[in-house]
Each structure stands twice: as C-alpha cells, then as structure tokens.
Amino acid sequence: MGDWGYLAAALAIGFLGSSHCIGMCGGIAGALGMAIPGQKTAWGQLVSYSAGRLGSYTLMGALAGALGAAALPALTPLRLAAGIMLIAMALYIAGIWRGLVWLEKGGAYLWRYLQPLSARLLPVQSAPQALALGGLWGWLPCGLVYSALAFALAQGSSSGAALAMLAFGLGTVPAMFATGAAAARVRGFVQRPAVRLLFAGAILLFGCWTIWGALGHGSHGDHGSAPAAEAVEEHHHHHH
Amino acid sequence: MNATACYHCGLPVPAGSNHSVNIGGSERPMCCPGCEAVAGAIVSGGLDNFYRYRDGNSERPEDSIAQTAQEPDRWAVYDLPEVQRQFVCDLGEGQRVAALLIGGISCAACVWLIEKHLGRCEGVDKVAVNASTQRAQICFDPARVNPSQLFAELECIGYRPAPATAANSESMIQREQRSALRRLGVAGLGTMQVMMFAVALYFGASSGIEADLERYLRWVSLLVATPVVLYSARPFFAAALRSLRARHLSMDVPVSLAIGLAYAASFYATVFETGEVYFESISMFTFFLLLGRTIEMRARHRAGLASGGLAQLLPLTAAKIEGTEIQNVPVAALVVGDRILLKPGDTIAADGEVIDGESGVDESLLSGESALQQKAVGSSVYAGSVNGDSTLKVRVTAAGQATRLSAIERLVERAQLQKPRQVALADRVAGYFVGLVLLAAIAAFLAWWQIDSGRAFWVALSVLVVTCPCALSLATPAALASATLRLQQMGLLVAGGNLLETLPRIGRVVFDKTGTLTRGEPRILQIVVLRDGWSAQRVQDVAAALESQTNHPLARAFSAWRGNLSASEIKVYTGCGIEGSVDGERLRLGRADFAAQLAAQSAPEIPSSEGQWLLLADSLGPVAWIALGDRLRESAQAAVAQLEAGGLEVELLSGDQSAEVARLADAAGIARFRAGASPEQKLAHLQQLQQSGERVLMVGDGLNDVPVLSGADASVAMMSAADLAQSRADAILLNGDLRVLPQAIELARRSRRIVSQNLAWALGYNALALPLAVCGLVPPWAAAIGMSLSSLVVVLNALRLSRFRVAASPTGEKSPAGQVSTGRESWS
C-alpha cells in the first residue's frame, strides 16, 4: 500500500485544497461558456478542459521531479520545505497567514505571458480549444498548485512527481465539475469558515506528516499518507 | 467580520490586499493573484457577461443559494421585457402567447404530456404543441405567471425549453442529430458483435458447447450489450418515465420494460450462470427502433430547416432615422413612431406608413400578388414585403408581433390546431394494448407461481419478450419512414406526419395557379405592331437588345431572341423601364406612359387580352406592344393526366383573372377551374368540398394560400413558394416536377398496404405467440428469436417501399427552383 500512499495524499491535498479555489475555479465552466444556466452543459468541453489542466500539472510535476532527482542528496531539506509549504497552504486556506500570496505574485509574472494566449481561445467553442485552454490555465498563479508541487518535488523522481501532480489534479476535478446550481450549493458549503478550518486542519496534518517523514520517522510507517522515497521507487517498478 | 468579498470567488478579501480587476467599467476587489488572473482572463476573453448571469452572485452567498435552490432564478432572464419581445406576443386583455422551442419531444405522447402538464399550471390558458416542429404556443396571463415559470415547469417534466428563435432551432436540430447518430452507431456496432456471439451460442446450445467457452461468450455479450442498453436505449427509458409520470402508457413503457427486464435477466443469467441470455435481441431491437426514429427525425428536421419560420424572413436590423443620422438598430428594438429608411431591395421590418418617397413594393408574401404595389406618401407598407426600386422613408405603425405578418401566422397556427391528431390517438389505443400485455405477463407469472414457481419468472419474461409490441410498434413507423425517405428521393419532402395517412384517401387535387402550374419564368405571349415598317421579329430583336444588359427577371423573357442587334447608352429607369440606342435610334421599353413620353405623347390604351403589356416606343411615338406571360411547367400536363388516370379529380382554383386562368387550365388539360377566388372563397370552396365527403390535396404557394393549405386534408407547397407556405404544408415539392404528385399518391397507397400487411403480421404473430408463451411452451431463447425475427420481417417489408419505382420514372424538370414571384414587374 505504501506506493499508493503518496498518490492518495496528493489526491487528498487536491480535494481538500480545492475548497480554496472552488470559488475561483469552480464556476469557471460557466465563465467559459461550457455550462451556462439554462443550456445543456458541454461535458465534452469540460472534460477536455480538465484533461488539459491535468496535463499541465503532470508536466509541472515531471519538471519539478527532475529537479528533485537532480538534488537527491538534498531530499530531506526538500521534504522539509514541502511540509512547510503545506502548512503555509493550510494557514492560507484558513485565512490565518497569507504568506503564499508572495509566491502567487511570483507566478503571476509567468502568467502575464500566458494570459494573452488564453484570451485567443475564448469563448470556448470546441473540445480541442477547451483542451488547449485547460493546458494554459494550469499555469494560473495558484498557491495550492505550488504547495502540491513542492510535495511532488520531494518525491525525488520525475515520474513519481508527475504522478503525484496528476493525482493532485484529479483531486481538484470534483470542484471543477460542480456546475450551475450544484456549484453554488457546494461553494456555499465549503466556504463556510468551519468547513474551511476543517480542510485547512487536514492539510496541516499532511504537512506535519511530510515533515515527520522527512525527519526519518515515517518511511516505514503503515499509514499511507506519509511519502517515502523508497515507496516511490517501488511504485516505479510496478508501473514501468 | 464583514470584510469585502472577492468579486470573483466570494471569499473575504484580506486587509491590506490590493488586487483588483476592472469588470464592466468598475474596479472589483480580488482576494488573491489567482482570482485576479482568472478574472483578468475572463474579461480579456470578452466573457464578462458571466458575472452578470452567473448563478449565486457572490455578493451575499446565502441569498444566492436560497435562490438557486428554488430554481426559477435560472430562467429569470426570460422575464426581462426586452428578451420577452423576441418570443412573446401580447394579445391584449391580459393575454400573452409565448413561442417556445422544446427539445426532447419524441412522439405524440410528449405533446399530450406537455399540453396536460402546462395546462394545469396557474395562469396558463391554452397550450398547443407541434411535435414535428417541436414548437409550443403557450397562451398565458402575465399577471399570474411569468415566462420563467413556464420554462421551469417544462424542465421539471424533463424537456429542454428555449425561446423559439431561428438560431436556437438550428442548434437544437444539430445537437439532436448528433446524439441520435451516436446512439444509432453504438447500437449498430453492438448488435453486429452480439449477433456473432449469439450465433455461436445458438449452435452451441444444439450441438454442445464447452461450458468455459459458453461462459466467455456470455460475458463478452454482456460487455457489448451494456452500452447499447445504457446509452443507445436511454431515450426509450426517458420517454417511458415521462409517460408514466403523466399516468399514461405509451409504447415506450413495454419497450423499456422488455429491454430492462431482459437485460436484467440476462445479466443475472450471465453472472450466476443459469437461464438464458437475450443480449442479441435487446441490441437488435434497440437498433431497429432507433433506426426508425432517426430516419423519421432527420426527415422532420430537413423539412424544418427548409422552412424556418416567419422570423427568418425579416431582417435582423433596420436603418432607423434619428434626426439627420441613420442608425442601424435591431428590429426587436423598433417601436411605434420610429422612422426607418428603406433602400431598394430591403425587406421591410415592420408595418408602417410612407412619409417620404415613392416606390413599388413586392407584397407577394402577404397577398400572393406578384405585381409590385405602388406606394406613395400616406400608403401603408407591411413587414415581410420587399421594397422594389427606390428609397422610402417609413414611420412604424406596428412592430414585432403586432405586424400583419405575425397576425397571418397566428391565423395559420389556429388552422393547424384544427387538424385531427391521429397519431396521438393511435398511441393512446396502443396504450391499452400495452396494458393488456403487462396484465398478461403478470397473470402468467401468478399462474405459473402456483404451477411451478421456479419457471414463473422465465415464463413471464417470455410473455413480455415474445409479445413485446416491437413488431406492432414498428409496423407503422417503419413503413412510414421508408416511404418518407423514398418520397424525399423523388423530390417530395414530407413535413407533416399525417401526409402518408391521408394521401391514399385523397379524391381531389386542387392546384393554385401561381408558381404551381407555371414555371415562374416570363416569356413573350404576343406582339402587337403599331407602326408600319416594323415586323414582329424586329420588335423582338430590338427589345432583346435593350434588355440584354439588365438582369431583371422580365429580361429573361427576351433572352431566347438575343440576335445580332446591340444597344448602347442603356439607362434603366427604376419602376418605369429602360432607355437605349439601337442602330442610332433612341428607344424606350417599359410602362406605357414612360415609353410614350419619349415622343412627348400620352400612352395609348393597353390591349385588353391577357398578359403583362410593355410598350416599345421611339422618338416618333409608340412602336409595338409586347405581352409577357408565364409558361406552364413542362410536367403539368403529364401530372394532370396521370392524376386523372389514377381516378382523381383535378381542379384549378386561382385568384387571377379568368382569361389567364382559362388559358392555363386549357394548356394543362384541367377541365374544372375557378378564377378570381379570394383566400376566403378558396377556403369556403375547400370546406364545401370537404363537407360533401371529399378529401382534398391542395397544391399551392404564397402566403394567401396558407389558410387553405392548412385547412386541406393534405397539402403540398412548391419549393419556389414563400418560405412560410412551405413550413405549413404537409410536404414540399423540391424539384418542381408535378409528376411526383401522382407517384406520391401511388406510393402512399402502397405504404398503406404495407402498413396493413405489417400490422396483420405483427398481430398474427402476437396472437400465436402469446398463448404459447403463457402456456410455457416457448423457451425464452425461442421467444427472443421470434421477437427479433418478427421485427425483422416488419422492417424488411417496409424497406420494399424504398425501392418503389413508377413505370414512368420522374425526370426532373430543368427549371431552377427558387423563383418566387412570376416576375416582379419592376425595373430595377
């Protein structure tokens, strides 16, 4: 089960963290004209859009993972950093400390170059367009993605990190697919302070576990949440 | 606590944050760079309308949730007066009519359900749904109910409503066709695969098969049949559910029940390795049913696309005069009192009164009269007519749904409502049969429960499968679909569901003159030479030379005579005629007073015989009269002869003067004709015929025919007819070949025979199979084969219609379709 642990963790981070971005991205299907109230939802486009986004995340993960693999001796500090990032994310979601905004501002520089490209794809009219747009919008400045990226980077291998980001992306899919009336209801629920605190607490726990694992405790633990370099290697063999 | 909310995501904006995006002209606060980026991208993509229409506007999330929970908010945009104007018409006295397009209508039962359900709603007075156009006319009281509530009610019973605008109907048609094709494709592929496995299983059952192989084949069959049931057959389940919700048994109920139960039983049999599997029957049945419905739907859509409706005839914008400026405004925004500018060739967007200018206007759409009507200051003009030759300024007196054009359409719709709903009736009768089958299955189950409880389920299923009304429910539509397709290949597009049922009973065919018997192409009827020294030949040559450089419809009359003469200095006087030099001599051809003016003379008296008279004159005075007239269609004579040979009475009913009508009737070989009939008189004549027990097929074109077309037992419009008439007629003759008419009647007679053969077969089969199945003598696998075979027989029999040939094969008339008027008498 260990090899699935870090994927499950990434999935959970994506799911819990999307409470942060459901307001931001949950209604996006409507904004893109794929789910206008009173019209039939263009599920094909919605799926393509998500596929594009997940593709970008996976690519990001692969790049970050390659970086992590290159810095393999420094894996422990990397994992520590990832844990700290997750904790920062939790504080961000809870609205306690918004340090990650600075990272997002950094990401916004990159976005400045990508945004004009995306404007050309709007409004979305076909599935390939939605795919391209999703691919671009995966690079939106988002603290949640950066935390997940740090987590993926700490896996120490390109393919492992790519998979982790894919799992993270899958975790955010439910929020993206909530359209129309459902989106409003879901949003109303997850944006309640208590719910946000609960989700933030869960991510905080993930951060703590990551740090715990980095300090050499969790590598053979049977709780699936703690990531472990060995586990990643194992997973590697299973799937390649 | 109550911090500013992020305009995009609704979360509180933290103090000290300074992210914002300009949306709709004002800076909106954003909570984070992410929201800022998304909102920026949305705005730069031109999609900021999203923020206006998104549900649950984030200003106060609680409110929005409460609203969306109640749903009407979704449709609230349709309550806005400017949006309503596009599809709602005010009748006055607290009554409005909304025209809606309803997606998901599959049969007459849907019509019944929608009319029943909406009719029960508070504030709804009358509902009329047309299954073939998928349009609903809902008469409601705006004080008691809003359009948005009507939308919500329709959605609540499972339909997808939209305002009936041209763009909406087109996109709906495309969506429906795509999904139908996908379903059909899945069912087709699945059926082929499962049939292959089934053959192996059949043989295995008789010759012994290895248990492992059998199990494997069954599992693969299950795998392939599952998408067929869950995806392809979904429309049947949805329709069955709807009809059940309306407490009504449609054919979809046992169809769904059989598919569902057979699938469930086969699934059970596969998993627990006991009993029979029916995957091939399920797939095949689904495929054939879908095929029939898809063909039927495509024909319906084709017809619908060709017609469009009134809204499409009107322009989208009008040139509004604002002080000294001309502004293009949407037609929907025109109100009484606006002044609009009409250039030559413009379609008039609203009813109005001419305040400046003088012009000829083509009102053929409204009156069927093809000659241009001269309009001067103070004359009335009507929406849908076309300005002919010079610029007009018009003050709007009625716009939108208040125009005469709309009034005529409503008249037509009322006429349509009077048609009997044979299809709905047939479906309701079928409901009783369905009930009987269900009762029989239950009875068989209960009886066998006493006799041998282990066999009860399988016997009941056998009953349901073997008597499954597939053959019955396919008998009529398969034949009709096949005949419809064949008619389409012959050039007759069927637009009304009842055409094939009524055609065989037709006893009399009534033609309307304009555009039905004639080709819509003018030619020279007669030349009267007034000047010594001129021959008719020379008159023709000179006229042809003058006309050679214009592309006016009337000019075509001369094209055959284009000789070696050539004209120079040609000048076209709009509304009057043409002036030019031939062999150094100045000549005029056109309206008598205009041509005579060249010699400063007054116009001579127009000859009294038929045709449209043009005067040729030079500087010395009138030279010759030329009479132009329309030609009979080449196919008219043969068509009339064939119709009469088939035992039908043929009649010509026309609004034109008697001389012209007599000439045409004589040329076409029609003995009975009536001239100078107004639309009211035509309708009265038609009703008189119908009261004497005669069934009448009306062949016509033009808007003035429409009440008559709708009132007739069956109606055919020519392709060259005004769009409106096409959409009301039961069929549209695409190639202009009238000989298709007798062939269509023959085909309809044959399809009636095929329908009765099919029904006889289906009833006979069921009558034989039902008792056997109830007695437990039919093993389920035999029931499945029997069912599949019985529907196959029905379909193959119906397919014979698509190879229908008539001894004299139709050769398309070479005339190009699409000339509406028989020559606009304008000189533009």
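Two strands count as paired if DSSP finds at least two bridges between them. Helices (H or I, at least four residues) and strands (E, at least two) are DSSP runs, numbered from the N terminus. The model shown here is predicted: local features need pLDDT of at least 70, side-chain atom pairs count only at pLDDT 80 or more, and totals for chains, interfaces and linings use all residues. Residues are numbered from 1 along each chain as its sequence is written, and chains are lettered from A and ligands numbered from 1 in the order in which they are written.

**View 1. An open, three-stranded sheet in chain B.** The strand order is 13-12-15, and the pairing is antiparallel. Strand 13 (373–375) and strand 15 (386–387) of chain B form the edges, each pairing on one side only. Two bridges join strand 12 (residues 359–362) of chain B to strand 15 of chain B in the antiparallel sense. Look here for Asp362(B), which stands opposite Val386(B) of strand 15.

**View 2. Helix 4 against helix 7 in chain A.** Helix 4 (residues 75–94) and helix 7 (residues 143–153) of chain A pack at about 155°, with axes 8 Å apart; axes are lines fitted to C-alpha atoms, for helices over the stretch in contact, and angles run from 0 to 180 degrees between N-to-C directions. That angle makes the two helices of chain A roughly antiparallel (under 35 degrees is roughly parallel, over 145 roughly antiparallel, 65 to 115 roughly perpendicular and the rest oblique). Among the residues making the contact are Leu78(A), Met85(A) and Tyr92(A) of helix 4 and Gly143(A), Tyr146(A) and Phe151(A) of helix 7, where contact means C-beta atoms, placed from the backbone, within 7 Å. The contact residues divide into 13 nonpolar, two polar and no charged (Ala, Val, Leu, Ile, Met, Phe, Trp, Tyr, Cys and Pro count as nonpolar, Asp, Glu, Lys and Arg as charged, and the others, Gly among them, as polar).

**View 3. Helix 4 against helix 10 in chain A.** Helix 10 (residues 193–214) of chain A packs on helix 4 of chain A at about 170°, with the axes 8 Å apart. These two helices of chain A are therefore roughly antiparallel to each other. By class, their contact has 17 nonpolar, five polar and two charged residues.

**View 4. A span of chain A that UniProt lists as a transmembrane region.** An unreviewed UniProt entry places this feature at residues including 195–215 of chain A. Residues 195–215 of chain A are 95% helix and 0% strand, and their end C-alpha atoms lie 30 Å apart.

Note on methods
Contact = placed C-beta atoms within 7 Å. UniProt positions renumbered as here; feature names shortened; annotations may be inferred.
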